[in-house]
Amino acid sequence: MSVTSDGRSGQKRLLIVGGGIAGLTLGCAFQQAGVPFDLIERVPEPAGGAGIMLGWNAVQLLATLGLERPLLELGQRFEQVRILDPLGRTLQTVSLPEVHSEAYGLGLFRPELHHVLAEGLPVQWGVGLQTVQVEPGSVRVRLSSGEERVYAAVIGADGLHSRVREQVFDADGPVYTGYTCWRFVAESPLALAPTEWWGAGRRIGLVATGQNRLYGYATLNAPAGQHRHAAGSAALLRRLFADFALPLALPESDAELIHHDLYELPRHHWVSGPVALIGDAAHAMPPNLGQGAALGIEDAVVLARAVQRYGVGAQAFGVYAQLRRNRAAALARTSRHLGRVGQWEHPLLVTLRNAALVATPQRALAAQMREQLLGAGVPRTAPLGDAAITEG
Ligand SMILES: Cc1cc2nc3c(=O)[nH]c(=O)nc-3n(C[C@H](O)[C@H](O)[C@H](O)COP(=O)(O)OP(=O)(O)OC[C@H]3O[C@@H](n4cnc5c(N)ncnc54)[C@H](O)[C@@H]3O)c2cc1C
C-alpha cells in the first residue's frame, strides 16, 4: 500500500484524528492553506456540550480563518472578566480594552462552535482510529471500520485520552487535579460577562453565550470518581451554592448537568517522527484560565503555517513543536496554580487569598492578561499564506 497522496496536486496527504475544536480548526486551516488531509471523528456527529469562552487570542485566529462573523452572530461578546466572593463583592475585574483597545472575548454554546468549525469540512463522522504505527517513510492506521490506510503523517487531535499519544509517545496518562466539575446551560436574558464566585473548596462561574442562554460551571474538591453517578447532583449543587449571591436558580434536574472530574497531563507531548499532537492530546490542562481550547486553536494555526511553509515532514513538525512548547507549558503552570488557590478550603487561606485578590492593582492584572492574550508565543494573526513562521 503506497502513501495516500492527493490525486490532483500529488502533495502528501495527512490524517487528522479527532473532530473536536483543535482538529476541526486544523481542518479549516489546512483547507485555507491548500494542504490535503483526511479528518476522522469517532462520534457520528459534531459534539454536544454546554458553553465555552474564547479569549481574544482565539477569536483573532478564528477571524483569520473567516469565522469571526458567524461566531459573533451566534455568541455573546464580552469585554470584562470578574471574580466575586460568595456574597457578590468584587475581588478582581479585568477590562479587556485595557489589555488591548480592540480586545474582546466570546461566550458560545459549544455545539454551535463545533458546527461552525465543521461546516464545509470533509469530516468522516463515526470513524475511529484503532491503531497507529510508524513505518519507514509513512504511518499506517487501522480504523474502527477495519480499513487500513497509509499516510505521510498523522496529527493526533484526539483529546485528553488520546489514543495517538498512548500508542506513539512514551507518555504518562492524565492525572486528577483534585477537583470535579459540573456544567449546565440555563435559559436567561442576562448578558453576563464571565463572572466567577469563589468560595471555600468550590467555585461557580456564569457567562452568557448569546440567544438567551447562560452557561454555568461549578467546581468542588472531591476524590476522583465520587460524583461520577449523576443521581442527586442537582440537589447537591443547589445545597453547595445555596448561600452564594447568584443571579439565577441552579438546575432542578440531574439531567441538565454534565459532569467531569478534571484531569491534566503531567508532561506535554508534541512530535514523534511523522506524528504530531495538538490540543488536549498534547497539553490538556485544568480549565482555570479558559484557555484550553484557545491553545488548541493556536496549535492548529501554527501547525498549518509550518506545513504550508516547509511541506509535510520533520522540519515543519520541529518548528511547530518549538513554537508551541513554552507557551503551553507557561499557561499550564498558571492554570494549575490558579486552580490550587481557587480551590483552597481553609478559612484563613480563603481570607488571605481574597484580600490578595482585592489588593492586586488593575494594572498588574491587565499586564498578566496581556501576556496571556498577546504575549510571547501567541501566534500572529496574518492569514495563512502570508504568515512568516515567527510567532509572538
Ligand atoms: C469544565 C471545562 C471548561 C472549559 N472551559 C473552557 C473555556 O471556557 N475556554 C477554553 O478555551 N477552553 C475551555 N476548556 C478546555 C477545552 O474544553 C479543551 O481544551 C478543548 O475542548 C480540547 O479540544 P480538543 O479538540 O483538543 O479535544 P477534544 O474536545 O477532547 O476533542 C477530541 C476529539 O477526538 C475524538 N476522538 C477521540 N479518540 C478518537 C479516536 N480514537 N478516533 C477518532 N476520533 C477520536 C473525540 O470524540 C473528540 O471529538 C474547558 C474544559 C473543561 C473540562
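This is a predicted model: local features need pLDDT of at least 70, side-chain atom pairs count only at pLDDT 80 or more; totals for chains, interfaces and linings use all residues.

1. Residues are numbered from 1 along each chain as its sequence is written, and side-chain values use heavy atoms, with hydrogens and water left out.

2. The ligand is surrounded by 29 residues (a heavy atom within 4 Å), and the closest are Glu41, Met53, Arg110, Leu129 and Asp280. The shell divides into 15 nonpolar, eight polar and six charged residues (nonpolar: Ala, Val, Leu, Ile, Met, Phe, Trp, Tyr, Cys and Pro; charged: Asp, Glu, Lys and Arg; polar: the others, Gly among them). Its largest share, three residues, comes from α9 (helices are DSSP runs of H or I, at least four residues, numbered from the N terminus).

3. A polar side-chain atom of Glu41 lies 2.6 Å from a ligand oxygen, and a backbone N or O atom of Met53 is 2.7 Å from a ligand nitrogen. The protein covers 87% of the 1,000 Å² of accessible area that the ligand has on its own (Shrake-Rupley method, 1.4 Å probe).

4. Helix α5 (residues 110–118) is largely enclosed by the rest of the structure, because seven of its nine residues are buried (under 20% relative accessible area, 1.4 Å probe, protein chains only). Among them are Pro111, Glu112 and His114. Gly120, which follows α5, has a positive phi near 80 degrees.

5. Leu352, in helix α11 (residues 347–359), is exposed at 52% relative accessible area (the cut-off is over 50%).

Definitions and conventions
Helices (H or I, at least four residues) and strands (E, at least two) are DSSP runs, numbered from the N terminus. A polar contact is a pair of N or O atoms within 3.5 Å; within protein, one must be able to donate a hydrogen and the other to accept it, and residues adjacent in sequence count only if both atoms are side-chain atoms.
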